[in-house]
Amino acid sequence: MFDWPTLVESLPLLAKSLLVTLESSLAGLGIGFVIGVLVCSLRLSLHPLWRRLGGAYIFVFRGIPLLVQLLFIYYFLPRIGLPNVSPLAAAITGLSLAAGAYIAEILRGGFLAIPEGQLEAAHMLGLSPLDVLVRIQVPQAVRLTLPALINEMILLIKASSLISVVGLAELTRTAQNIAASNYLFLQTYLVLALFYCLINIPLACAGGLLERRLKRRLA
Amino acid sequence: MIFDPTLITERLGDISNGLLVTLETWFAGVAMGAAIGLLIAVLQVFGGAWLRALLRLYIELIRATPFLVQLFLLYYGGPSFGLELEATTAGILGLGIYGSVYFAEIFRTGFESIPKGQLEAADCLGITRLQCIWRIQLPQMLVLILPALVNLVTILCKETAVLSIITIPELTMVMTGIGSETFAFVETLLVLCVAYLVLIELSSRLGLFLERRVGRFLQRQST
Amino acid sequence: MTVTKTHRPALALRGVGKRFGSNQVLHNIDLEVQSSEVVCLIGPSGSGKSTLLRSMAFLEEYDDGEVFIEGQLLGWEPGLPRKRTSRAHLNKVRSTIGMVFQQFNLWPHMSVLGNVTEALIRVRRIASGEARQRGLAMLEKVGLAHKADAYPAQLSGGQQQRVAIARALAMEPHIMLFDEPTSALDPELVGEVLHVMKQLAADGMTMVVVTHEMGFAAQVADTVVFLDQGQIVARGSPQKLFHMTQHPRLQQFLQNYLDRNAFWQDMKEEATA
């Protein structure tokens, strides 16, 4: 049933496209993290208008399917005078915007777990709001939410399969192309699934390990 | 960007058909996912070590792979082992399998949250395991897991958009179809975004209502 | 060391009031603290003493009256209706105040030295090498230079509070505010913190201390202020205040402490007998 030589032939191509998958999901995580910090600050702000704005962001970018968001961005960016946006840029934009909404919600839990007194101490010493955010709040929130953030990375790697619709030759799109030429649909897609497993299962294990360690330390 | 509403009104028939397919695949996928998920959770709690390890593997594999890849395997890979499915059937089956592992995790957490003593009490009274699950454990854990269930159901609603890639004529497929015929991509996609937001908002409202109802039922019991 | 007492008080409160909703927690508080003076705020729990102290740092936004730090109005723009000053101005007025909290409020993800130098580097813009020197000097002062590289969670409560004091002192404040600095500590750790505070008082630091440690108040304070139900009921030197008989609430409050001490005295005598 398995045509091994043909499958092995496709491996280098898949491995190369894996880099595109990793690149776009890592970029999505990084930029999404910055967006997440900002949106989370809005959500926790004292001013109701800012809070509403943060809430609206999360509602929109969590509510609309990522596939639809990606298509929208792909067709929308040229309309607002950015005609030469590469598929990769559109894909990373889409992943980052969506990841920002999820990361904002993850971080909110972490931010709320930091005792208020620590922030009062910082204000008394004259630290600026930005310094308090960057030096006191974010490092602690990240430590508390690291397992959830790793989980978000897994979600992003999986979600990046959808950027194939904007024509980017990442892992899934490459497998599609290979299957279309060798007609080994089942086998090629099984190899494709294996690629995702090889990345995501170790990540999931690391996340689980961290979570257990965190629980023990807090207990 | 001037929006021409006739783009939508002229194709209202197609659009409502697409919406129906979205709802159909969503509901069927949720029902199937919940059923398989419950079965997995029950087997995980009561099954032997080998069965548990096997189920764990199933859960990890499904969780590690993208929904789209699972659909490809089922729809394009299926014929290689004699499984020739219509796109919509493959979509529902795929959504059910994908959702089942998340349902299973939620149900398992629910089972684990119920004190062991209650099960021992039921055992002593000669209540069978199945009766115990159905009559004692499920009603209690439903309150606890309802928010997570509602969240999962809305996630599955969004996942139905992916079904358009394997040519199921659901809402996203219909709307992008209109977009490519008229070149009014941005407008049709905007309408599509709003449609999903309404669907998501409605289902989370319904979820909140249910949470309150179930909570009230419990409160009345306890007083 | 002789301290020239300028005419202007280090800290002045005029008619300060504070409400939480409809609950008036501070009524018309007038208080002056001179340079190098040590003032202890005492009173039953819920008397508003912590709120009063926090108002002196604008951690609570007082509703009525004015708080002056070295002659500068704290927190509000002059005039009505009330409008907050800019953050920059608030920080400028606050920069002469150091605050020590009941719960220490150290930043757990930074080392002991990191806690002390953070504001020196970020706020005072001092180069990290020099900040390190100053941080170590401050830790030396509270006897914890050897713990510079430890993390707060590795220290006892008493050590953490001493680090918190060093962190505040590093910014060279003119006035130190202490909010029940020993209340979260195990009894055997109280002494080391009080020792540091006594030294500070001896060095001429202006201090306002909310405390339940009557021994400390009697020994170190120049002025003791007794608060009850959001009002200053009595004030004076410790010798004077601890013998005021005309205030039944103060008598009752002090009696509670004396009873407890008498109990311990009895226990000690029994043990030695």
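Buried means under 20% relative accessible area, exposed over 50%, and partly exposed in between, with a 1.4 Å probe and protein chains only as cover. The model is predicted: local features need pLDDT of at least 70 and side-chain atom pairs count only at pLDDT 80 or more, while totals for chains, interfaces and linings use all residues. Residues are numbered from 1 along each chain as its sequence is written, chains are lettered from A in the order in which they are written, and side-chain values use heavy atoms, with hydrogens and water left out.

**View 1. Salt bridge between E105(A) and R43(A).** The closest N and O atoms are 3.6 Å apart; a salt bridge is a side-chain nitrogen of Lys or Arg within 4 Å of a carboxyl oxygen of Asp or Glu. E105(A) lies in helix α4 (residues 87-112) and R43(A) in helix α1 (residues 4-43) of chain A, so the pair ties together parts that are 62 residues apart in sequence. Helices are DSSP runs of H or I with at least four residues, numbered from the N terminus. E105(A) is partly exposed, at 24% relative accessible area, and R43(A) is partly exposed at 24%.

**View 2. Salt bridge between E181(B) and R11(B).** Here the closest N and O atoms are 2.8 Å apart. Helix α8 (residues 171-182) of chain B holds E181(B), and the loop between α1 (6-9) and α2 holds R11(B), so the pair ties together parts 170 residues apart in sequence. E181(B) is exposed at 51% relative accessibility, whereas R11(B) is partly exposed at 22%.

**View 3. Salt bridge between E60(C) and R54(C).** The closest N and O atoms are 3.0 Å apart. E60(C) is buried, with a relative accessible area of 15%, and R54(C) is buried at 14%.

**View 4. Contact between chain C and chain A.** Chain C gives 22 residues and chain A 17 residues to the contact (heavy atoms within 4.5 Å). The two chains bury about 1,900 Å² between them, 62% of it on carbon and sulfur atoms; buried area is the accessible area (1.4 Å probe) that two parts lose on being put together, summed over both. W107(C), H109(C) and R122(C) supply 31% of the area that chain C buries against chain A, more than any other three residues. Two salt bridges are counted between these chains. R135(A) and E118(C) meet in a salt bridge through their side chains (2.7 Å, N to O).

Notes:
Helices (H or I, at least four residues) and strands (E, at least two) are DSSP runs, numbered from the N terminus.
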